[in-house]
Amino acid sequence: MVPYPNSPIACHDNRVSVIGGGRVGSTLVQRIAEKNLADVVLLDIVPGMPQGIALDLLEARGIEGHDCQIIGTNDYADTAGSDVVVITAGSPRKPGMSRDDLLQINSKIVVEAAKNASAKSPDAMLIVVTNPLDVMTYLAWQATDLPPHRVMGMAGVLDSTRFRTFIAMENGVSVADVNAVVLGGHGDLMVPLPRYSTVSGVPITELMTPDRIEALIERTRRGGAEIVELMRTGSAYFAPASSACLMVEAILHNQSRQITAAAYLQGEYGLQDIFIGVPTRLGCRGIEKILELKLTDLELSSLKISAESVRDNIKKAQGMLGH
């Protein structure tokens with residue numbers, strides 16, 4: 001724990017644990033604290049690193065004006081009693097790598113994190129951020145035996161906000177007036193839906209040419225890769241952290257937000273036994289509902305192709321884990 005003996009044990013009724021002290025995890029802790037959402041525990045295996053990050057963030061409280069307790073630790077015992085656990089631990093992408101290239105590296109990390117965290121917080125909601133996201137969410141669910149409505153992957157929020165941002169930039173409008181929907185796996189086979197993406201309620205299919213829409217779709221699919229290529233030494237973390245924070249807030253405040261998340265399907269969209277990005281309603285009970293949009297044959301076919309890619313990688317990961 002952070003050596004801060006005069007700090008109160010807890011300031012909030014809510015407690016969030018973030019597993020992984022890298023850029024996404026540490027930025028997420030900052031987002032949660034500065035929104036005054038909950039007390040936060042940051043766990044990482046590197047001795048001293050999460051403790052240092054936590055102390056640094058604590059020392060900003062006087063300026064940021066929140067009263068959240070922030071704990072850095074290497075011990076899962078300190079995460080006990082969490083309402084939400086967010087797994088960000090794992091290796092980030094490097095230039096030339098796909099999300100799927102991280103399969104072997106991250107499978108063991110996520111399974112161990114999910115088991116340890118859920119053992120200490122058996123009633124928590126579990127949000128997975130680690131890539132390849134849909135596969136890691138499935139493995140985390142398998143490892144914990146949690147009810148599927150309490151396990152979810154973050155990426156649909158991220159993919160949709162990227163699409164929203166590009167639509168707003170293209171049309172010269174405020175992003176506040178833009179809504180966008182992106183289904184499918186968090187990868188090159190994701191399925192942005194222009195028919196359901198709007199500017200002040202007007203579908204972008206009425207505002208933009210097919211060529212420009214396709215260009216934005218392609219940029220959305222490569223949103224993470226574009227950042228990796230520019231940064232060279234890391235991957236995106238500001239937008240992923242904001243996306244995970246939105247999900248945490250929806251759960252803690254029971255907002256019943258309608259968002260896209262990697263959720264467990266049991267026949268919806270003709271898919272079974274898979275976590276993949278679909279529109280959901282998210283609140284204090286986790287995934288409260290999965291919304292089935294009316295898709296064209298082409299959109300549904302694209303979603304199923306994306307799902308098959310996820311399913312193939314789940315089998316590969318299970319093989320690597322000896323399942």
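**Contacts, cores and sheets in a predicted model**

Leaving aside its neighbours within four places in sequence, Thr260 is in contact (heavy atoms within 4.5 Å) with Met154, Gly156, Val157, Ser160, Val181, Val182, Leu183, Gly277, Val278 and Pro279. Thr260 is placed in strand β12, residues 257–266; helices (H or I, at least four residues) and strands (E, at least two) are DSSP runs, numbered from the N terminus. Its relative accessibility is 8%, so Thr260 counts as buried; buried means under 20% relative accessible area, exposed over 50% and partly exposed in between, with a 1.4 Å probe and protein chains only.

The model is predicted: local features need pLDDT of at least 70, side-chain atom pairs count only at pLDDT 80 or more, and totals for chains, interfaces and linings use all residues. Residues are numbered from 1 along each chain as its sequence is written, and side-chain values use heavy atoms, with hydrogens and water left out.

The structure holds 6 aromatic pairs, a pair being rings of Phe, Tyr and Trp (its six-membered ring) whose centres lie within 6.5 Å, with planes under 30 degrees apart counted as stacked, over 60 as edge-to-face and the rest as tilted. One of the pairs is formed by Tyr264 and Phe275; this pair is tilted, at 5.3 Å centre to centre and 50° between the planes. Tyr264 in strand β12 and Phe275 in strand β13 (residues 272–283) are 11 residues apart, and the pair links distant parts of the chain. Tyr264 is buried, with a relative accessible area of 13%, and Phe275 counts as buried at 0% relative accessibility. Together with Tyr138 and Trp141, Tyr264 and Phe275 form one aromatic cluster.

A nonpolar core is a set of buried Ala, Val, Leu, Ile, Met, Phe, Trp, Tyr and Cys residues joined through side-chain atoms within 4.5 Å. The largest nonpolar core has 84 residues, of which Val16, Ile32, Val84, Leu126, Ile127 and Met247 touch the most other members. Helix α9 (residues 238–252) gives the most to this core, with 8 residues. Domain 1 (13–152) and domain 2 (155–319) both give residues to this core, so it lies between them; the domain bounds come from an automatic or database domain assignment. Val84, leaving aside its neighbours within four places in sequence, is in contact with Arg15, Val16, Ser17, Ala124, Met125, Ile127, Val248, Ile251 and Leu252.

The UniProt record, in an unreviewed entry, places the feature "binding site" at Gly20, Gly21, Gly22, Arg23, Val24, Gly25, Asp44, Asn106, Val129, Thr130 and Asn131. UniProt positions are given in the numbering used here, feature names are shortened, and annotations may be inferred rather than shown by experiment. Gly20 lies in the loop between β1 (15–19) and α1 (23–34), and Gly21 is placed in the loop between β1 and α1. Gly20 counts as buried at 4% relative accessibility, and Gly21 is buried with a relative accessible area of 5%. With neighbours within four places in sequence left aside, the contacts of Gly20 are Gly25, Ser26, Leu42, Leu43, Asp44, Thr88 and Ala89. Gly21 touches Ser26, Leu42, Leu43, Asp44, Met49 and Ile53, not counting residues up to four places away in sequence. The unreviewed UniProt entry also places the feature "active site" at His186. His186 lies in the loop between β8 (182–183) and β9 (191–192) and is buried, with a relative accessible area of 7%.

Two strands pair if DSSP finds at least two bridges between them. Strand β2 (residues 39–43) is joined to β3 by 4 bridges, and the two run parallel. The bridge partner of Leu42 in β3 is Gly72. From strand β3 (residues 70–73), Ile70 and Gly72 point one way and Ile71 and Thr73 the other way, and all are buried. In a regular strand the side chains alternate between the two faces of the sheet.

A further 3 strands form an open sheet in the order β7-β10-β11, with antiparallel pairing. β7 (178–179) and β11 (202–203) stand at the edges, each with a single partner strand, so one side of each is left without a neighbour in the sheet. In β10, Thr198 is the bridge partner of Asn179.
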